[in-house]
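Subject: Model for you to look at

Hello,

Here is the structure I said I would pass on. My notes on it follow below.

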Amino acid sequence: MNPTSYLEANKDRFISELLDLLRIPSVSADPAFSNDVLRAADYLAQKLRDAGADNVEICPTAGYPIIYGEKIIDSASPTVLVYGHYDVQPADPYELWHSPPFEPVIKENKIYARGACDDKGQLYMHIKAFELMMQQNQLPCNLKFMLEGEEEIGSNNLDIFVQQNKARLQADVIVISDTGIIANDVPSITSGLRGMSYVEVEVTGPNRDLHSGLYGGAVANPINVLCQMIASLHDENNHITIPGFYDNVQELTAEERAEMAKAPFNVEDYKSALQLGDVHGEAGYSTMERNSIRPTLDVNGIWGGYTGEGAKTVIASKAFAKISMRLVPNQTSEEITEKFKKHFTAIAPKSVTVQVKPHHGGEPVVTPTNSIAYQAASRAFEQTFGKKPIPVRSGGSIPIVAMFKSELGIDTVLMGFGLDSDAIHSPNEHYGIFNFLKGIETIPYFYKFYAEMSKSK
Ligand code: BES
Ligand code: MN
Ligand code: MN
């Protein structure tokens, strides 16, 4: 098998089709874009059909639809389920983009657009790799596609869809390209993801906004109180102070930590890439550990009072914050949300009332590296990158991975091709053309090795 000739002959078209997809602003968080999210689903369903998929269906849900499509070649061959998401994060703040987020441009061999890497560019690699295998008569596995449009807002309707379509989704392994590699010359395969507990808090003081001169000093200012409460959630060692927060955290063994420390990482490069005076985090852990195998608590947004032009002297009635906690095995989102709620309510002074609203959650996962599927992916990367990939636990979250395991009993291989520097969720998100094409080249080898290794099992 040699994917490169087909890739060479068709790469310009592959890129231009991706650019068309990136022109559709499929922002799931903002209802103003709902027609565009639906248009992105139509576009992908058609591309799946064009590539040769059967039974392509845009399945309605209570939210945005899930696209299903399949190619069943032989019931004796292994079945791979490919998952990806066609929704994207909001592009705000627009003014920080060097070119409009939904008018993709190619600069220095990178495609700049919202969703270029997360996840349109990465899911599109799978559709083109499928086309390539169909055209070359080299599809060695049964293939199922499942593409969702609500990943960035918590995949609220995926659970039910999976439960109702267990038979249709039956597969031997799930493959997802929605993560990254260490560097273009240091391939890696993601071997774990953090879970998530996301809450919104509301602190109420007086029953109305007050003049900060007439009342200041005599009543609790909810914004001041919220800041104190939030500050108290970490101690001087940057440990999280919520009682029981670490109870179920699985500590890595010394061997596992030593293994992790072998992955190339330079803290000076890290600091200079982000223009940081210093790194920061939980005492006793390295930067790589802090951002992958340790749980965290971060404020994602905080507001209240007057934030407009000029000054207004006011004590606001309410203050708000959105807080995310990244979880590691064996914490659960339910447990942590409950512990947060209890603690945050308990530390509130009598002068205010506190409400904690849970948003979405997701469970952490560690994927096996001794499975046939992982080994096949590893060989595929070695084939196309010329180097054996390193397994790396990532700090990001894709809650459906743990869900697939619990609902369908199927493990996932996280075969992502992005880079940390791709600025996902940020202004000027981009995806390297090298990475896009490397993905399309690597994926067919995965199928080849996976089919071969499954047979000789
Ligand atoms: N693709 C990302 C997650 C990711 C990126 C994992 C890079 C590992 C490496 C995904 O689209 C995402 O943004 N997930 C959200 C969680 C979701 C529940 C909103 C996240 O991690 O914040
Ligand atoms: Mn993603
Ligand atoms: Mn994302």
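I start with the ligand. A polar side-chain atom of Glu 152 is 3.1 Å from an oxygen atom of ligand 1 (a polar contact is a pair of N or O atoms within 3.5 Å; within protein, one must be able to donate a hydrogen and the other to accept it, and residues adjacent in sequence count only if both atoms are side-chain atoms). An N or O atom in the side chain of Glu 151 lies 2.7 Å from a ligand oxygen, and Asp 178 places a polar side-chain atom 2.8 Å from a ligand nitrogen. On its own ligand 1 has 520 Å² of accessible area, and the protein covers 87% of that (Shrake-Rupley method, 1.4 Å probe).

This is a predicted model, in which local features need pLDDT of at least 70, side-chain atom pairs count only at pLDDT 80 or more, and totals for chains, interfaces and linings use all residues. Residues are numbered from 1 along each chain as its sequence is written, chains are lettered from A and ligands numbered from 1 in the order written, and side-chain values use heavy atoms, without hydrogens and water.

Ligand 1 lies between domain 1 (3-193 + 364-456) and domain 2 (195-249 + 295-362), because both give residues to the shell around it; the bounds come from an automatic or database domain assignment. The domain centres, taken over C-alpha atoms, are 36 Å apart.

Regards
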